[in-house]
Amino acid sequence: MSQFAVRNGVLHAEAVALPAIAEQFGTPAYVYSRAGLEAALQEFLDVLNGHPAGQGALVCYAAKANSNLAILNLFARMGAGFDIVSGGELQRVLTAGAEPQKVVFSGVGKTAAEMKLALDAGILCFNIESPAELERLNEVAGQCVKQAPVSLRVNPNVDPKTHPYISTGLKEAKFGVAYDDALALYHRAAALPNIQVAGIDCHIGSQLLDPAPFVEALDRILPLIEQLTAEGIHIRHLDLGGGLGIKYKDDQVQPTVASYLNPLLDRLAGRGLQ
(Lines give C-alpha, C1' and ligand atoms only; values in the text may rest on other atoms or scores of the structure.)
Protein backbone atom coordinates (compact mmCIF):
# COMPACT_ATOMS: atom_id res chain seq x y z
CA MET A 1 0.00 0.00 0.00
CA SER A 2 1.37 3.41 -0.94
CA GLN A 3 0.00 4.82 2.34
CA PHE A 4 2.63 2.79 4.23
CA ALA A 5 6.14 3.37 2.92
CA VAL A 6 9.73 3.45 4.07
CA ARG A 7 11.25 6.94 3.84
CA ASN A 8 14.91 7.45 4.71
CA GLY A 9 14.89 4.09 6.45
CA VAL A 10 11.82 4.86 8.57
CA LEU A 11 8.39 3.30 8.06
CA HIS A 12 5.65 5.89 7.68
CA ALA A 13 1.86 5.74 7.77
CA GLU A 14 0.93 8.41 5.24
CA ALA A 15 3.07 11.37 6.39
CA VAL A 16 3.55 10.18 9.98
CA ALA A 17 6.65 8.27 11.10
CA LEU A 18 5.65 5.17 13.04
CA PRO A 19 8.43 5.60 15.66
CA ALA A 20 6.82 8.93 16.54
CA ILE A 21 3.51 7.19 17.15
CA ALA A 22 5.21 4.55 19.29
CA GLU A 23 6.96 7.23 21.30
CA GLN A 24 3.75 9.16 21.94
CA PHE A 25 1.32 6.26 22.53
CA GLY A 26 3.53 3.32 23.40
CA THR A 27 3.41 -0.17 21.94
CA PRO A 28 1.72 -2.29 20.86
CA ALA A 29 -0.31 0.21 18.83
CA TYR A 30 -2.63 -0.34 15.89
CA VAL A 31 -2.18 2.22 13.13
CA TYR A 32 -4.60 2.61 10.22
CA SER A 33 -4.46 4.84 7.18
CA ARG A 34 -7.69 6.70 6.61
CA ALA A 35 -6.60 7.46 3.05
CA GLY A 36 -5.93 3.78 2.47
CA LEU A 37 -9.33 2.75 3.81
CA GLU A 38 -11.12 5.37 1.74
CA ALA A 39 -9.23 4.36 -1.40
CA ALA A 40 -10.05 0.68 -0.90
CA LEU A 41 -13.79 1.27 -0.61
CA GLN A 42 -13.80 3.89 -3.36
CA GLU A 43 -12.23 1.40 -5.77
CA PHE A 44 -15.24 -0.90 -5.34
CA LEU A 45 -17.66 2.00 -5.72
CA ASP A 46 -15.92 3.28 -8.86
CA VAL A 47 -15.97 -0.10 -10.60
CA LEU A 48 -19.62 -0.66 -9.72
CA ASN A 49 -20.70 2.83 -10.77
CA GLY A 50 -18.79 2.47 -14.02
CA HIS A 51 -20.80 -0.56 -15.15
CA PRO A 52 -24.53 -0.55 -16.08
CA ALA A 53 -25.17 -3.66 -13.97
CA GLY A 54 -23.47 -2.09 -10.95
CA GLN A 55 -25.87 0.82 -10.56
CA GLY A 56 -27.55 0.67 -7.15
CA ALA A 57 -25.22 -2.02 -5.84
CA LEU A 58 -24.42 -2.02 -2.13
CA VAL A 59 -20.93 -2.74 -0.82
CA CYS A 60 -21.21 -4.38 2.60
CA TYR A 61 -18.11 -4.34 4.78
CA ALA A 62 -17.69 -7.45 6.95
CA ALA A 63 -17.67 -6.09 10.48
CA LYS A 64 -15.81 -9.17 11.71
CA ALA A 65 -12.80 -8.07 9.64
CA ASN A 66 -12.24 -5.06 11.90
CA SER A 67 -14.87 -3.72 14.28
CA ASN A 68 -13.00 -0.52 15.22
CA LEU A 69 -15.76 2.08 15.60
CA ALA A 70 -13.78 4.78 13.79
CA ILE A 71 -13.34 2.51 10.76
CA LEU A 72 -17.00 1.48 10.77
CA ASN A 73 -18.04 5.14 11.02
CA LEU A 74 -15.76 6.10 8.12
CA PHE A 75 -17.32 3.46 5.87
CA ALA A 76 -20.84 4.34 6.99
CA ARG A 77 -20.27 7.98 6.06
CA MET A 78 -19.06 6.82 2.64
CA GLY A 79 -22.39 5.06 2.13
CA ALA A 80 -21.30 1.48 2.75
CA GLY A 81 -23.46 -1.25 4.17
CA PHE A 82 -22.33 -3.89 6.63
CA ASP A 83 -22.29 -7.67 6.84
CA ILE A 84 -22.68 -8.80 10.46
CA VAL A 85 -22.64 -12.18 12.20
CA SER A 86 -23.95 -11.37 15.69
CA GLY A 87 -26.20 -9.12 17.72
CA GLY A 88 -23.12 -7.46 19.16
CA GLU A 89 -21.88 -6.56 15.70
CA LEU A 90 -25.33 -5.18 14.86
CA GLN A 91 -25.23 -2.88 17.87
CA ARG A 92 -21.69 -1.89 17.00
CA VAL A 93 -22.37 -0.89 13.38
CA LEU A 94 -25.51 1.00 14.40
CA THR A 95 -23.52 2.86 17.06
CA ALA A 96 -21.01 3.74 14.35
CA GLY A 97 -23.72 5.31 12.21
CA ALA A 98 -24.79 2.50 9.88
CA GLU A 99 -28.21 2.66 8.27
CA PRO A 100 -30.20 -0.44 9.34
CA GLN A 101 -31.50 -0.87 5.78
CA LYS A 102 -27.89 -1.41 4.68
CA VAL A 103 -27.17 -4.24 7.14
CA VAL A 104 -27.10 -7.92 6.18
CA PHE A 105 -27.12 -10.53 8.96
CA SER A 106 -24.98 -13.51 7.96
CA GLY A 107 -23.40 -16.31 9.96
CA VAL A 108 -24.43 -19.52 11.63
CA GLY A 109 -26.00 -19.85 15.07
CA LYS A 110 -28.17 -16.73 15.14
CA THR A 111 -30.15 -16.78 18.39
CA ALA A 112 -33.80 -15.85 18.73
CA ALA A 113 -32.77 -12.77 20.73
CA GLU A 114 -30.40 -11.66 17.96
CA MET A 115 -33.09 -12.20 15.34
CA LYS A 116 -35.51 -10.04 17.34
CA LEU A 117 -32.88 -7.33 17.72
CA ALA A 118 -32.30 -7.27 13.96
CA LEU A 119 -36.02 -7.32 13.15
CA ASP A 120 -36.66 -4.41 15.50
CA ALA A 121 -33.80 -2.48 13.89
CA GLY A 122 -35.24 -3.07 10.41
CA ILE A 123 -32.21 -4.60 8.69
CA LEU A 124 -32.01 -5.25 4.95
CA CYS A 125 -31.82 -9.04 4.99
CA PHE A 126 -31.06 -12.24 6.90
CA ASN A 127 -28.75 -14.69 5.11
CA ILE A 128 -30.18 -18.08 6.09
CA GLU A 129 -27.81 -21.01 6.61
CA SER A 130 -30.17 -23.94 7.25
CA PRO A 131 -33.81 -25.10 7.26
CA ALA A 132 -33.83 -24.98 11.07
CA GLU A 133 -32.72 -21.36 11.07
CA LEU A 134 -35.45 -20.47 8.56
CA GLU A 135 -38.12 -22.00 10.80
CA ARG A 136 -36.75 -20.24 13.87
CA LEU A 137 -36.72 -16.88 12.12
CA ASN A 138 -40.31 -17.36 10.95
CA GLU A 139 -41.35 -18.05 14.53
CA VAL A 140 -39.49 -15.04 15.93
CA ALA A 141 -40.83 -12.75 13.20
CA GLY A 142 -44.35 -13.92 14.00
CA GLN A 143 -43.87 -13.05 17.64
CA CYS A 144 -42.68 -9.59 16.57
CA VAL A 145 -45.55 -9.23 14.08
CA LYS A 146 -43.02 -8.55 11.32
CA GLN A 147 -41.98 -9.95 7.96
CA ALA A 148 -38.37 -11.12 7.89
CA PRO A 149 -36.58 -10.53 4.55
CA VAL A 150 -34.33 -13.47 3.72
CA SER A 151 -31.76 -14.83 1.31
CA LEU A 152 -30.63 -18.43 1.39
CA ARG A 153 -26.90 -19.02 1.43
CA VAL A 154 -26.52 -21.50 -1.41
CA ASN A 155 -23.37 -23.58 -1.85
CA PRO A 156 -22.70 -23.83 -5.60
CA ASN A 157 -20.16 -26.66 -5.16
CA VAL A 158 -17.33 -24.64 -6.67
CA ASP A 159 -13.67 -25.10 -5.75
CA PRO A 160 -12.37 -21.62 -4.81
CA LYS A 161 -8.72 -22.76 -5.14
CA THR A 162 -7.81 -21.40 -1.75
CA HIS A 163 -6.75 -22.94 1.56
CA PRO A 164 -9.16 -25.75 2.51
CA TYR A 165 -9.76 -24.23 5.95
CA ILE A 166 -11.26 -21.09 4.37
CA SER A 167 -13.06 -22.81 1.50
CA THR A 168 -16.81 -22.60 2.13
CA GLY A 169 -18.59 -23.16 -1.19
CA LEU A 170 -18.17 -26.90 -1.79
CA LYS A 171 -21.15 -29.18 -1.25
CA GLU A 172 -19.55 -30.84 1.78
CA ALA A 173 -19.04 -27.46 3.50
CA LYS A 174 -20.66 -27.04 6.90
CA PHE A 175 -22.02 -23.64 5.85
CA GLY A 176 -25.12 -22.86 3.87
CA VAL A 177 -27.63 -24.89 1.90
CA ALA A 178 -26.61 -27.52 -0.64
CA TYR A 179 -27.34 -26.44 -4.21
CA ASP A 180 -29.62 -29.42 -4.84
CA ASP A 181 -31.70 -28.58 -1.75
CA ALA A 182 -32.07 -24.86 -2.42
CA LEU A 183 -35.13 -24.92 -4.68
CA ALA A 184 -37.25 -26.84 -2.17
CA LEU A 185 -36.15 -24.64 0.71
CA TYR A 186 -37.01 -21.49 -1.26
CA HIS A 187 -40.50 -22.87 -1.79
CA ARG A 188 -40.72 -23.52 1.95
CA ALA A 189 -39.57 -19.96 2.67
CA ALA A 190 -42.13 -18.51 0.27
CA ALA A 191 -44.90 -20.46 2.01
CA LEU A 192 -44.03 -19.32 5.54
CA PRO A 193 -46.31 -16.53 6.80
CA ASN A 194 -43.63 -14.33 8.38
CA ILE A 195 -40.89 -14.70 5.78
CA GLN A 196 -40.32 -12.55 2.71
CA VAL A 197 -37.96 -13.97 0.07
CA ALA A 198 -35.64 -11.13 -0.92
CA GLY A 199 -32.49 -12.54 -2.45
CA ILE A 200 -29.91 -15.26 -2.80
CA ASP A 201 -26.51 -15.44 -1.09
CA CYS A 202 -23.31 -17.19 -2.07
CA HIS A 203 -19.89 -17.17 -0.38
CA ILE A 204 -17.33 -19.67 -1.67
CA GLY A 205 -14.33 -18.79 0.48
CA SER A 206 -11.69 -16.28 1.50
CA GLN A 207 -8.27 -15.25 0.19
CA LEU A 208 -9.05 -15.90 -3.48
CA LEU A 209 -6.21 -14.75 -5.70
CA ASP A 210 -7.92 -16.02 -8.86
CA PRO A 211 -11.30 -14.33 -9.56
CA ALA A 212 -12.37 -17.14 -11.92
CA PRO A 213 -14.16 -19.22 -9.22
CA PHE A 214 -16.45 -16.25 -8.49
CA VAL A 215 -17.62 -16.38 -12.10
CA GLU A 216 -18.04 -20.15 -11.92
CA ALA A 217 -20.17 -19.77 -8.79
CA LEU A 218 -22.36 -17.12 -10.44
CA ASP A 219 -22.82 -19.33 -13.48
CA ARG A 220 -24.21 -21.97 -11.12
CA ILE A 221 -26.46 -19.52 -9.27
CA LEU A 222 -28.05 -17.80 -12.28
CA PRO A 223 -29.95 -20.90 -13.55
CA LEU A 224 -31.35 -21.35 -10.03
CA ILE A 225 -32.59 -17.74 -10.07
CA GLU A 226 -34.20 -18.34 -13.46
CA GLN A 227 -35.91 -21.48 -12.19
CA LEU A 228 -37.17 -19.70 -9.09
CA THR A 229 -38.56 -16.88 -11.24
CA ALA A 230 -40.32 -19.38 -13.50
CA GLU A 231 -41.93 -20.91 -10.43
CA GLY A 232 -43.18 -17.58 -9.08
CA ILE A 233 -40.41 -16.80 -6.57
CA HIS A 234 -38.75 -13.53 -7.52
CA ILE A 235 -35.21 -12.75 -6.41
CA ARG A 236 -34.57 -9.02 -6.01
CA HIS A 237 -30.93 -9.03 -4.99
CA LEU A 238 -27.83 -11.19 -5.28
CA ASP A 239 -25.18 -11.31 -2.55
CA LEU A 240 -21.98 -12.77 -4.00
CA GLY A 241 -19.97 -12.55 -0.83
CA GLY A 242 -16.36 -11.46 -0.75
CA GLY A 243 -13.08 -13.24 -0.38
CA LEU A 244 -10.83 -11.27 -2.72
CA GLY A 245 -7.29 -12.22 -1.77
CA ILE A 246 -4.19 -10.32 -0.74
CA LYS A 247 -0.74 -10.93 -2.20
CA TYR A 248 1.57 -12.25 0.51
CA LYS A 249 4.34 -13.82 -1.63
CA ASP A 250 6.49 -12.47 -4.45
CA ASP A 251 5.26 -15.11 -6.91
CA GLN A 252 1.59 -14.25 -6.31
CA VAL A 253 -0.46 -11.83 -8.39
CA GLN A 254 -2.68 -9.33 -6.58
CA PRO A 255 -6.18 -9.46 -8.09
CA THR A 256 -7.75 -6.10 -8.81
CA VAL A 257 -11.28 -5.11 -7.87
CA ALA A 258 -12.05 -4.67 -11.58
CA SER A 259 -10.84 -8.20 -12.41
CA TYR A 260 -13.15 -9.49 -9.67
CA LEU A 261 -16.27 -7.44 -10.37
CA ASN A 262 -16.41 -6.78 -14.10
CA PRO A 263 -16.84 -10.42 -15.25
CA LEU A 264 -19.66 -10.78 -12.72
CA LEU A 265 -21.31 -7.53 -13.77
CA ASP A 266 -21.10 -8.53 -17.42
CA ARG A 267 -23.15 -11.65 -16.66
CA LEU A 268 -25.67 -9.69 -14.59
CA ALA A 269 -26.35 -7.00 -17.18
CA GLY A 270 -30.04 -6.66 -17.99
CA ARG A 271 -31.23 -9.03 -15.27
CA GLY A 272 -32.61 -6.40 -12.91
CA LEU A 273 -30.71 -7.69 -9.87
CA GLN A 274 -28.85 -5.62 -7.31
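In this predicted model, F105 and F126 are both buried. The structure contains five aromatic pairs. In the pair formed by F105 and F126, the ring centres lie 6.0 Å apart and the planes meet at 20°, so the arrangement is stacked. Elsewhere, F44, F214 and Y260 are linked into a cluster by ring pairs.

F126 also features in the largest nonpolar core, which has 72 residues. Together with L137, V154, Y186 and I200, F126 touches the most other members of this core. The greatest contribution to the core comes from helix α8 (residues 212–230), which supplies nine residues. In soluble globular proteins, nonpolar side chains tend to be buried together.

The surroundings of V154 were examined with neighbours within four places in sequence left aside. V154 is then in contact with V177, Y179, A182, Y186, I200, D201, C202, I221 and L224. Two of these contacts, Y186 and I200, are named with V154 among the core members that touch the most others. Another contact of V154, Y179, has the charged end of R220 over its ring, at 4.0 Å from the ring centre.

Strand β10 (residues 195–201) is largely enclosed by the rest of the structure, because six of its seven residues are buried. β10 runs parallel to strand β8 (residues 148–155), and six bridges join the two. Within this pairing, P149 is placed opposite Q196 of β10. β10 also pairs with strand β11 (residues 237–239), again in the parallel sense, over three bridges. Here I200 stands opposite L238 of β11. The chain passes from β10 through α8 to β11 in a right-handed β-α-β crossover.

The C-alpha atom of G270 is separated by 8.4 Å from that of P52, although the two residues are 218 residues apart along the chain.

How values were computed:
Residues numbered from 1 in each chain as written. Predicted model: local features only at pLDDT ≥ 70, side-chain atom pairs only at ≥ 80, totals over all residues. Heavy atoms only, no water. Core = buried A, V, L, I, M, F, W, Y, C linked by side-chain atoms within 4.5 Å. Buried < 20%, exposed > 50% of the residue type's maximum accessible area, 1.4 Å probe, protein only. Helix = DSSP H or I, 4+ residues; strand = E, 2+ residues; numbered from the N terminus. Contact = heavy atoms within 4.5 Å. Pairing = 2+ DSSP bridges. Right-handed = clockwise from strand over helix to strand, strands pointing away. Phe/Tyr/Trp six-rings, centres within 6.5 Å; stacked < 30°, edge-to-face > 60°. Lys NZ or Arg CZ within 6 Å of the ring centre and 35° of its normal.
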